[in-house]
Amino acid sequence: MKQFYRIVTITIGFLILCLPIVETAEAAGYDYVIDPDTGRRVSIPLTYSVADVLTYEVDGKPLNQGCSLYIDHQGLLYISDTGNNRIIKSEKDGHVLDVYTGTPEKPFHQPMGLFVDADGDLYVADKGNHRIVHLSPEGRVVEEFGNLESSLLGKEFVFEPANVCVSSTGYLYTTKGHSIMTIDANNDFRGYVGSIEIGFDLKRAFVRMFATEKQRGRISRDMPPSYSNLTIANDGTIFATSVNTPSNQIIALNSVGKDTFRQGAYGETTDETGNRIVPYFVDIAVDHNGMVNALEQKTGKVYQFDREGNMTTVFGGAGNKLGQFKVASSIAVDGDGAIYILDYDRNNIQVFQPTQFIRTVQDAIHHHNEGKYDQAKVLWSDVLKIDANYSLAHKGIGKALMKEKKWAEAMEEYKEAGEMKGYSAAFDEYRMDFVRTKFGLILLGITVIVTACWFAIKKSRQVTRTLVDKYTKWQGGVG
């Protein structure tokens with residue numbers, strides 16, 4: 001019997017020791033979103049998983065300090081192999097098709113940002129040579145952009161483009177500090193757009209009022225946050241990321257230069273070990289459905305949003321495991337929704353395939369944006385069958401119910417989502433609809449109440465007069 005109890009005790013102890021391992025394995029199968037009210041992580045089903053890892057070695061040289069990725073409309077992958085001063089063109093499986101190094105007279109020097117237009121023409125931000133180079137699909141140099149002359153640029157201006165994107169009208173955009181430069185097809189500087197301002201700071205204002213001249217001089221050198229990267233969506237909207245700022249790290253500039261993205265803070269302010277950080281977004285990619293994917297370098301996380309700024313998922317991380325990064329430097333999305341992430345330090349590209357869960361979420365968002373609200377509602381219901389607490393699904397169903405004018409049901413969905421703005425809008429419509437549909441009854445009720453009050457007052461006056469008359473006669477009789 002003692003031997004039996006000993007075996008049972010050892011077995012239970014072994015199971016207890018295994019519990020943390022089981023939890024870790026389960027946790028690895030989940031991603032998360034961030035609750036906008038509390039800032040806490042909320043677990044969701046796995047949204048992306050690693051399908052492939054691409055490594056490159058061309059002419060005996062492996063990829064070295066890769067800075068930028070781009071996937072064109074044909075699904076071809078372009079990598080700026082910055083350490084080797086070349087651009088690699090490959091298929092999505094890593095098969096190399098071509099290598100571009102510039103011209104013998106002027107080879108690439110620190111090539112960084114890339115862009116490929118609808119015709120397959122490649123634009124390279126050749127930072128070390130102070131130029132943007134336009135290449136044909138075959139790699140022939142078509143033209144260069146640089147040596148800009150304008151009184152708006154100033155005498156100390158140095159053109160060192162680290163990124164580039166091109167609009168359908170032929171305008172080139174590249175970041176310069178806290179602004180985005182615009183260059184036309186004739187290599188003329190056309191001004192800045194989307195300039196970031198420092199904004200009002202009470203502490204800085206008091207320092208300016210009471211500080212010494214030396215302290216004020218130091219304050220005057222404070223600069224606004226700088227842009228880190230940019231891209232252009234199919235509809236011409238310019239998406240950009242900024243660094244060294246606690247809020248509005250992601251912007252979306254429309255045709256008139258107005259930021260249309262949700263205002264607020266993006267990214268987490270603590271890393272995996274609990275240390276405080278300022279999010280450092282280094283790249284951004286927008287797919288054909290308008291899903292916005294922002295790459296944060298300090299934590300190695302990918303934050304995905306819809307065009308309204310609603311978070312759909314957070315995945316990735318910093319580390320040595322598959323699906324994590326040492327120094328994530330660039331992100332791109334292909335036509336099938338797969339996400340490619342370049343690791344500057346490991347010199348490889350990890351390819352993440354979307355799961356059915358996140359595909360359903362994205363399809364629901366796409367159908368809603370296309371005005372197919374019934375189909376969107378069905379898809380959101382499918383999402384809730386997998387994760388009943390996915391707040392964006394409740395919000396999506398609430399939107400669909402609003403289109404159907406089912407205000408009370410929409411209120412319940414917005415309540416589940418914790419969406420107070422949507423709940424208030426649904427409640428206002430519910431109240432107005434109640435007033436409209438019940439107006440006759442309300443008017444009748446008011447009429448009845450007013451009439452009853454009038455008769456009650458009239459009756460009370462008659463009773464009062466009768467009582468007064470009796471009291472007066474009684475007083476007269478006694479007297």
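Reader: How do the residues lining the second largest pocket divide into nonpolar, polar and charged?

Author: Keep in mind that this is a predicted model. The lining of that pocket splits into 18 nonpolar, 13 polar and 11 charged residues.

Reader: What makes Ile-34, Pro-36 or Asp-35 part of the lining of the second largest pocket?

Author: Lining residues need an atom within 4 Å of a grid point. The second largest pocket has 42 such residues, and Ile-34, Asp-35, Pro-36, Arg-262 and Met-311 are the ones nearest its centre. As for classes, Ile and Pro count as nonpolar and Asp as charged.

Reader: How much space is in there, and which element gives the largest share of the lining?

Author: The second largest pocket holds about 1200 Å³. The largest share is from α6, with 4 residues. Elements giving two or more residues include β1 (30–34) and β2 (41–45), along with α7 (407–417) and α8 (420–437).

Reader: Okay, now cavities. Why is a cavity called that, and how many are there of 30 Å³ or more?

Author: A 1.4 Å probe fits at its points but cannot get out, so the set counts as a cavity rather than an open pocket. The count is 1 cavity of 30 Å³ or more. About 110 Å³ of space lies in the largest cavity.

Reader: What lines the largest cavity?

Author: Among its lining residues are Asp-306, Arg-307, Glu-308, His-368, Trp-380 and Lys-399. Two elements, α4 (356–369) and α6 (391–403), each give two or more residues.

Reader: And which classes show up in that lining?

Author: There are 3 nonpolar, 3 polar and 4 charged residues. Asp-306, Arg-307, Glu-308 and Lys-399 belong to the lining, and Asp, Glu, Lys and Arg count as charged, so those are the 4 charged ones.

Methods:
Residues are numbered from 1 along each chain as its sequence is written. This is a predicted model: local features need pLDDT of at least 70, side-chain atom pairs count only at pLDDT 80 or more; totals for chains, interfaces and linings use all residues. Side-chain values use heavy atoms; hydrogens and water are left out. On a 1 Å grid over the protein atoms alone, a cavity is a set of points where a 1.4 Å probe fits but cannot get out, and a pocket is an open set with protein on both sides within 12 Å along at least five of seven lines; lining residues have an atom within 4 Å of a point. Grid points are joined across faces, edges and corners, and a volume is the space filled by probe spheres set on the points.
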